[in-house]
Amino acid sequence: MPVSSFEWDESKNEENIKNHGISFDKAQDALFDPNRKIAIDIKHSTKEETRYYCFGKVDKNIVTVRFTYRVGKIRIFGAGYWRKGKKEYEKKN
């Protein structure tokens, strides 16, 4: 699916910065990591919408990004420096 851009809810972005120390703007860099890993978020996916995790490197840290595809855009829901995401990334690289 061709993707032209990223989008997110700005209030969720501000909440994410406070809670997890990373903006969605910065977190999108994880999706450009050539070694990134993408997994389906089974717990949060529905019949209408599949959600995903991306485990990728941003600067020198591994970031987990929760996202979906909507009308040619990647919509980010959450991001953080979670240990589980780091383990998944390191296991596959």
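1. A salt bridge here is a side-chain nitrogen of Lys or Arg within 4 Å of a carboxyl oxygen of Asp or Glu. The model is a predicted one. Asp59 and Lys26 meet this rule through their side chains, with N to O at 3.4 Å. The two residues are 33 residues apart and link distant parts of the chain: Asp59 sits in the loop between β3 and β4, and Lys26 in helix α2 (residues 24-27). Asp59 is exposed, at 59% relative accessible area, whereas Lys26 is partly exposed, at 31%.

2. The salt bridge count comes to 9 by this rule. Another of them pairs Arg70 with Glu49, whose closest N and O atoms are 2.7 Å apart. This pair also links distant parts of the chain, 21 residues apart, with Arg70 in strand β4 and Glu49 in the loop between β2 and β3. Arg70 counts as partly exposed at 30% relative accessibility. Glu49 has 16% relative accessibility and therefore counts as buried, since buried means under 20%.

3. Elsewhere, salt bridges with shared partners join Glu7, Lys73 and Arg75 into one network.

4. On the sheet: it is open, has 5 strands in the order β1-β5-β4-β3-β2, and its pairing is mixed. The edge strands, each pairing on one side only, are β1 (5-7) and β2 (37-40). From one strand to the next the twist averages 35°. Strands β3 (residues 51-58) and β4 (residues 61-70) run antiparallel and are joined by 8 bridges. Across this pairing, Lys57 stands opposite Ile62 in β4.

5. Helix α3 (residues 83-92) lies across β2, β3 and β4, and runs at about 75° to β3.

6. Thr64 deserves a look. This residue of strand β4 counts as buried because its relative accessibility is 3%. Leaving aside residues up to four places away in sequence, Thr64 touches Tyr53, Cys54, Phe55, Gly78, Ala79, Gly80, Trp82 and Gly85.

7. Next, the aromatic residues. The count of aromatic pairs comes to 6. In one of them, Tyr52 and Tyr69 have ring centres 5.5 Å apart and planes at 70°, so the pair is edge-to-face. Tyr52 belongs to strand β3 and Tyr69 to strand β4, so the pair ties together parts 17 residues apart in sequence. Tyr69 is partly exposed, with a relative accessible area of 31%. Tyr52, Phe67 and Tyr69 make up one aromatic cluster.

8. Tyr53 and Phe55 form a stacked pair, because their ring planes lie at 15° and planes under 30 degrees apart count as stacked. The ring centres of Tyr53 and Phe55 are 6.1 Å apart. Tyr53 is partly exposed, with a relative accessible area of 23%, while Phe55 counts as buried at 9% relative accessibility. Tyr53 and Phe55 are both among the residues that Thr64 touches.

Technical notes:
Residues are numbered from 1 along each chain as its sequence is written. This is a predicted model: local features need pLDDT of at least 70, side-chain atom pairs count only at pLDDT 80 or more; totals for chains, interfaces and linings use all residues. Side-chain values use heavy atoms; hydrogens and water are left out. Two strands pair if DSSP finds at least two bridges between them. Helices (H or I, at least four residues) and strands (E, at least two) are DSSP runs, numbered from the N terminus. Axes are lines fitted to C-alpha atoms, for helices over the stretch in contact, and angles run from 0 to 180 degrees between N-to-C directions. Contact means heavy atoms within 4.5 Å. Buried means under 20% relative accessible area, exposed over 50%, partly exposed in between (1.4 Å probe, protein chains only). Rings of Phe, Tyr and Trp (its six-membered ring) pair if their centres lie within 6.5 Å; planes under 30 degrees apart count as stacked, over 60 as edge-to-face and the rest as tilted.
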